[in-house]
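Please look through the model shown here. Some questions on its geometry come after it.

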Amino acid sequence: MSSKILILPGDGIGPEIVAEAKKVLETLRSDFGLQIETEEGAIGGAGYDAAGHPLPDATLALAGAADSVLLGAVGGPQYDGLPRELRPERGLLGIRSELDLFSNLRPAILYEQLADASTLRPEVVAGLDIMIVRELTGGIYFGQPRGIENLDSGERRGFNTLEYKESEIERIARSAFEIAMKRDKRLCSVDKANVLEVSELWREVVIRVGAEYPEVELSHMYVDNAAMQLVRAPKQFDVMVTKNMFGDILSDAAAMLTGSIGMLPSASLNAQNYGMYEPIHGSAPDIAGQGVANPLATILSVAMMLRYSLNEPQMAERIEQAVSDVLDKGLRTPDIYSEGMQKAGTADMGDAVVEALRAKS
Ligand code: IPM
Ligand code: MG
């Protein structure tokens, strides 16, 4: 039975990097017998341009009928003037929420070939392999009330609400413990329990769920310290679990440890392991259309899709091996370039991955 993949290229560099991931999917289909059908939809600014909304109903319907979703990126300066509810980011937040994709897995792995591309000393990052589990459909991103109101005094007041129900904390904690069980069995829960009541509850619930996973060594860290520890001694971490906004921030920091945010994929899963897969970088409007964006994060997102949603771990390994082979050959997009390497554009990189795949067919 073939799996249906919905492809949402989005904005900025999204279409360029997704084009390379499509080449990889096509190669797995033609040369390795992967049974897939693909369809495309519009989201973000592209959704607004096509249908007047960053998350068109048609896109949501396609997502509902698909087995998984591959997304490029959303956002661009041309949409900055739109009302907040029509901005590209609302499309992304909307699809995460509508599909209940509460568990966001953001691995930060350092490819040994790229140790020089990190701004940290090689010995600090060599062998780095962290998994950040970010809660994705709750917290301050979605809490009510929210808004900007006019006060009697004549000034305005902006407000958002950081809230978590026990059930929301429980399910993300369980996701994180399950992942820790498949790795080094160490989980660090990141919160701000010294200041926030919601974090106090978070910590209590994580500890409660932890009782079901006695093999996992659970620790807790305040988010400010976690940010510092990530750049000081990142290899102390195995799995980290945290709220939506803390995860947004910490995952960007963790990404840079690996040399480039252009290398890192992500998975956003619901309770049934239905997932949306996307690179963790954004739409990079400053380099869009120039053919220089790194497509490897998107290509590696396809590997995550094959592993987590489509139950094709061998296909995933093929992709990951091909990416590693391409790095061995010395090909580098500008974001991971270092002296003595071979400069490559977006399409060169995608073509090289396809070639590396075929070399092993
Ligand atoms: C991310 C992005 C998004 C987020 C933006 C584009 C809404 O930064 O996926 O990390 O904040 O979640
Ligand atoms: Mg982010």
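Residues are numbered from 1 along each chain as its sequence is written, and chains are lettered from A and ligands numbered from 1 in the order in which they are written. The model is predicted, so local features need pLDDT of at least 70, side-chain atom pairs count only at pLDDT 80 or more, totals for chains, interfaces and linings use all residues, and side-chain values use heavy atoms, with hydrogens and water left out.

Q: At roughly what angle do the axes of H1 and H10 cross?
A: Helices (H or I, at least four residues) and strands (E, at least two) are DSSP runs, numbered from the N terminus. Axes are lines fitted to C-alpha atoms, for helices over the stretch in contact, and angles run from 0 to 180 degrees between N-to-C directions. Helix H1 (residues 14–32) and helix H10 (residues 296–308) have axes that come within 8 Å, and the crossing is at roughly 45 degrees.

Q: Which residues of H11 does H1 meet?
A: The axes of H1 and helix H11 (residues 313–328) come within 12 Å and cross at roughly 120 degrees. H1 and H11 are therefore oblique to each other. In contact (heavy atoms within 4.5 Å), Val24, Leu28 and Phe32 in H1 meet, in H11, Met315, Arg318 and Ile319.

Q: Which atom of ligand 1 lies 2.6 Å from a polar side-chain atom of Tyr141?
A: Ligand 1 is surrounded by Glu89, Leu92, Arg96, Arg106, Arg134, Tyr141 and Asp248, where a residue is near if one of its heavy atoms lies within 4 Å. A polar side-chain atom of Arg106 is 2.8 Å from an oxygen atom of the ligand, and one of Asp248 is 2.9 Å from an oxygen atom. For Tyr141, the ligand atom at 2.6 Å is an oxygen.

Q: Is the peptide bond from Gln144 to Pro145 cis or trans?
A: Pro145 is placed in the loop between strand E5 (129–135) and strand E6 (147–150). Omega for the bond from Gln144 to Pro145 is near 0 degrees, and the bond is cis.

Q: What is the phi of Lys185, about?
A: Lys185 sits in the loop between helix H6 (166–181) and strand E8 (186–191). Although Lys185 is not a glycine, its phi is positive, at about 60 degrees.

Terms used
Polar contact = N/O pair within 3.5 Å; in protein donor to acceptor, adjacent residues only side chain to side chain. Parallel < 35°, antiparallel > 145°, perpendicular 65-115°, else oblique.
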